[in-house]
Amino acid sequence: MGRKIVRCLLLLLAATFLAPASIHATPGDLYVAGDTMILRYTPTGTKSTFASGLFQPTALAFDRNGNLFVADSGSCATTGGSDCSRPTKIYRFTPTGTRRLFASTPTSSILGMAFDSAGNLYAAAGNILKFAPDGNQTTFAASEPGPVGTYSWGLAFDAFGNLYATAAALGPTDTIVRFTRSGVKSTFATVPSGALALAFDDAGNLFAVVDSGQTILKITPSGSGSPFALGSDFGPIAFNGSGNLFAGLISFNSSEPSVVRFTPAGVRTTFAVGPFFPQSFAFEPTVEKVRNVSARSFVGTGDHVLIGGFILGGNSLATNAVVVRAIGPSLSQYGVTDALTDPTLELHNANGTIIARNNNWQDTQAAQITATGLAPADPRESAIFATLPAGNFTAVVRGASGKTGTALVEVYSTQ
C-alpha cells in the first residue's frame, strides 16, 4: 500500500509542477517539407500552408522552444543543375511563421537535422555539421572513404544523447553509426544500401528507411534489425506523441497517398494524399515540461522498493533532458536517522522495460551529470541523465546488497 501511495503522490506532483501550457500553434501538428513550401497537417489530417516561397526545403527540426528550423538548399533550383554555387540556408520560423536566417553553409544540400538537449543543431551534409544556438558552425564528424562514407541523410538522438547517423558508402550495404556526446564513434548496425531517414520510438528502437526507400527496418537497442514495413518508396519518417510512425511517399495525383501512418503493431492507414513529394517531417512539440518532483519513503528488501512515476510532455522529436536521482546518505545531515546508505536506481519506460540503471553516480555519466549542476553530494548515491520523449516513466530505488533505509527519489528537468 505504501508504494502505491508514493507513486500516486508523485504523479500528482508531476501534474502540479508542469510549466504553463504552450501558446504555440498546435502541439501534435505534422510539418512536411516538400517542393517549395512547408505544409502543416492537424492530427485529423486537415492541411494548410505554413510557409511558401522557398527553393528546396529538405530538412526540418524543432528546437525545444517550438521554433521550426528549415534547411533550404536552393543550390540548383533556379539553374537546372548547371550552377550549384548557391549555399544552403537554414531558416528559423517562429510558431507564428516569422522567418529569420539562422545560418548559411556552402554545401549542396542538407537532408537530415536534429537537436541535442543543449540546443545545438546537427545537420547531415556529407560531413555532420554542428550549429551552436547562436549559429556558429563547426564540423562534428567528417565524411570518410571506404565502409563509412558520407553522412548524407538521417540523424537522430537516442534517450541518452547519443547521435545516430546514416553513412552511405559504395557497395551493397550502408552503415548506421553512433556518436557519444563527446564524439566517440562506433558502428551500430549494417543495413541494405540506400539508407535514408531515422527515427526513435519511445522504447529506444531505431527505425530506419533502407534499400532506397523500399523497407522500413526496426532496429532494437542491441543493433538487431527486422523489417517493419515493405514495398513502398518511403522517404521521411517521424513518430507522433502517441507512438504512431508517419512515413512520406512520392505521390503523383490526388488519389495516391503522400503520408501514411503505422500503428505500433504495423497497421497502415493513409493520412494524406498528393500530389506531393515529401522531403522531411517534424511534429509540433509541446513545450511544457516537468521541472522538479520528488518523494521520500522507506526502502526495504524484495518488492518493498521506492517507486517514483513521472509524466513528460512533448513528443518523440521534442525530447526532455532530465536527471533522475536516488538520494540516501545525504539525508543524514537533515536529521534522517535511518538513511539508506547505498541506494541503486532503475529507470523504466511505460512498458516496464529498464532503459537505464545506476549504482554509484560517478561510475557512469559523471561528466554529463556534473555539468547539469545536479550531481549528488555523496558518491554512493545514484543518478541517471537521460533525454526522454513524451510519455510515462518510473524510477525505482532499491538498496544495494539488501540494504534498507529511507531514501529520496527526485526528477529534475535540465532545460
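Let me begin with a loop: D35 is found between strand 1 (30-34) and strand 2 (37-41). Strands here are DSSP runs of E with at least two residues, helices are runs of H or I with at least four residues, and both are numbered from the N terminus. D35 is not a glycine, yet its phi is positive, about 55 degrees. With a relative accessible area of 42%, D35 is partly exposed. I use buried for under 20% relative accessible area, exposed for over 50%, and partly exposed for values in between, with a 1.4 Å probe and protein chains only.

A word on the basis of what follows. This is a predicted model, in which local features need pLDDT of at least 70 and side-chain atom pairs count only at pLDDT 80 or more, while totals for chains, interfaces and linings use all residues. Residues are numbered from 1 along each chain as its sequence is written, and side-chain values use heavy atoms, with hydrogens and water left out.

Now to the chain as a whole. Its secondary structure comes to two helices and 32 strands. Of the 415 residues in the protein chain, 52% are buried. Contact means heavy atoms within 4.5 Å. Among contacts between residues at least 6 apart in sequence, 52% join residues at least 24 apart. The accessible surface comes to about 17300 Å², and carbon and sulfur atoms account for 53% of that surface. These areas come from the Shrake-Rupley method with a 1.4 Å probe; for residues, only the protein chains shown count as cover.

Which residues have the most contacts inside the largest nonpolar core? They are F310, V324, L345, L347, L388 and V397, in a core of 22 residues. Such a core is a set of buried Ala, Val, Leu, Ile, Met, Phe, Trp, Tyr and Cys residues joined through side-chain atoms within 4.5 Å. Two or more residues each come from strand 25 (292-299), strand 26, strand 27, strand 28, strand 30 (382-388), strand 31 and strand 32. V397 shows how these parts meet: leaving aside residues up to four places away in sequence, V397 touches V299, V305, L306, A326, L340, P343, T344, L345, A407 and V409. There is also a second, separate core of 16 residues, including A197, I237, F239 and V260. In soluble globular proteins, nonpolar side chains tend to be buried together.

Strand 26 pairs with strand 31 (residues 391-399) in the antiparallel sense, over seven bridges; two strands count as paired if DSSP finds at least two bridges between them. Within this pairing, L312 stands opposite G391 in strand 31.

I turn to charged pairs. How many salt bridges does the structure hold? It holds three, where a salt bridge is a side-chain nitrogen of Lys or Arg within 4 Å of a carboxyl oxygen of Asp or Glu.

One of them joins E410 to R325, with the closest N and O atoms 2.8 Å apart. E410 is in strand 32 (residues 405-413) and R325 in strand 27 (residues 320-327), so this pair links distant parts of the chain, 85 residues apart. E410 counts as buried because its relative accessible area is 7%, and R325 is likewise buried, at 13%.

Another brings together the side chains of E346 and R398, at 3.3 Å from N to O. Because E346 lies in strand 28 (residues 343-348) and R398 in strand 31, the pair ties together parts that are 52 residues apart in sequence. E346 is buried at 11% relative accessibility, whereas R398 is partly exposed at 31%.

R380 and D378 also form a salt bridge, their closest N and O atoms being 3.0 Å apart. R380 is partly exposed, with a relative accessible area of 38%; D378 is buried, at 15%.

Finally, the loop between strand 23 (268-273) and strand 24 (278-283), where F277 lies. P275 has its place in this loop too, and a cis peptide bond joins G274 and P275, with omega about 5 degrees. F277 is partly exposed, at 40% relative accessibility. Together with I250 and F252, F277 forms a nonpolar patch on the surface, with about 320 Å² of accessible area in total. Patches are made of residues with over 30% relative accessible area and no salt bridge; like charges are joined within 9 Å, and nonpolar side chains (Val, Leu, Ile, Met, Phe, Trp, Tyr) within 5 Å.
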